[in-house]
Amino acid sequence: MSARNPGMHLDLEWVSKVRVNTQAVLKRAQQIQGRKVAKKQWQAAWLLKAVTCIDLTTLAGDDTPSNVHRLCMKATRPIRHDLLKSMDMHDKGITTAAVCVYPSRVADAVKSLKAANSSLPVASVATGFPAGQTPLKTRLEEVRLAVKDGATEIDIVINRTLALTGQWAALYDEIRQFREACEDAHMKTILAVGELGTFTNVYKASLVSMMAGSDFIKTSTGKESVNATYPIAIVMVRAIRDYYLRTGHKVGFKPAGGIRTAQESVVWLTLMKEELGDEWLDPHLFRLGASSLLADIERQIYHYVTGRYPAYHELPMA
Ligand SMILES: O=C[C@H](O)COP(=O)(O)O
């Protein structure tokens, strides 16, 4: 992770002046999606880069210590060793960026990774994920407990009621409190963009979250009906750019929810490269929140190495 974003005072004048040009955003998103995809070794290199930026996630009601253990093992060895060897990448220490689990499963993940001698970070969603509709006291306690159990990254959800009713000062105060409860754990703030109504609201919520000290802003929980879309990402990364230009603080970006294909991961990397530059093509400033994306990436790498797609049993851990 990079230097933390300390945040700043709430600048309501800046927030109130925000206007987003919807047509321009849609046009830019189309341009980026239309870029020619790199082929062969260039594509394989992009896919390995994407792997290193994944927060490998399981957020299910039926999560158990054993499926969390399996997730952790996959995160430490995301691509089959022989495939990496064929690409001469077997000794590069390729892992995902982190694993991401519910607060009750943090201790399981920490235990599995420790047993595997891995220093991979454990991220935990918190603050009444996914809806955020629990009392503030409970949401704060959840953050503290996840940190106590060993989470070094906390993905908080914002209070959408406050954002939708324009209570930006109250939203800022809540996020500030979450940031304090995180202590040294890095904080990713989930906007749940599919529930914010307008691009202008998404931009305003991004700004307020960064002003309150978020280290990353994240699109979605994966549980809303609209999750990570390219137009919404354009709005959020432009807020990141504007915040950086005004304050000098670099905030990371994490699209999450519904990202399933290797091809999509390349579009996300292209978007980051074109909008924020090469520095944001790194896990300290870019994460892909996904539960099933890695399986498709490994499948495409298998195809690159062998010239054919694998049968199910050939990538059993995918
Ligand atoms: O934060 C990560 C998301 O919840 C993952 O969503 P997904 O299961 O659609 O990949």
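## Around helix 10

Just past the end of helix 10 in this predicted model, G213 adopts a positive phi of about 100 degrees.

How many of the 13 residues of helix 10 are buried? Twelve of them are, so the rest of the structure largely encloses this helix. The buried set takes in F199, V202, Y203, L207 and V208, but also includes N201, K204, S206 and S209.

## The nonpolar core

V202 turns up again in the largest nonpolar core, which has 96 residues. It is among the residues with the most contacts inside that core, along with A50, I54, V99, V122, I154 and M236. Helix 11 (residues 230-247) supplies the largest share, ten residues.

Take V99 as a close-up: leaving out residues up to four places away in sequence, V99 touches L56, L71, C72, A75, A109, L120, V122 and A123. One of those partners, V122, is itself on the list of residues with the most core contacts.

## The whole chain

Zooming out, the chain is built with 13 helices and eight strands. Its radius of gyration is 19 Å, close to the 20 Å the globule rule gives for 318 residues, so the chain is as compact as a globular protein of that length. The C-alpha trace spans about 55 × 45 × 35 Å along its principal axes.

Of the 318 residues, 48% count as buried. As for contacts between residues at least 6 apart in sequence, 76% join residues at least 24 apart.

Terms used: Residues numbered from 1 in each chain as written. Predicted model: local features only at pLDDT ≥ 70, side-chain atom pairs only at ≥ 80, totals over all residues. Core = buried A, V, L, I, M, F, W, Y, C linked by C-beta atoms within 7 Å. Buried ≥ 20, exposed ≤ 12 C-beta atoms within 10 Å, placed from the backbone. Helix = DSSP H or I, 4+ residues; strand = E, 2+ residues; numbered from the N terminus. Contact = placed C-beta atoms within 7 Å. Rg over C-alpha atoms; globule rule 2.2 N^0.38 Å.
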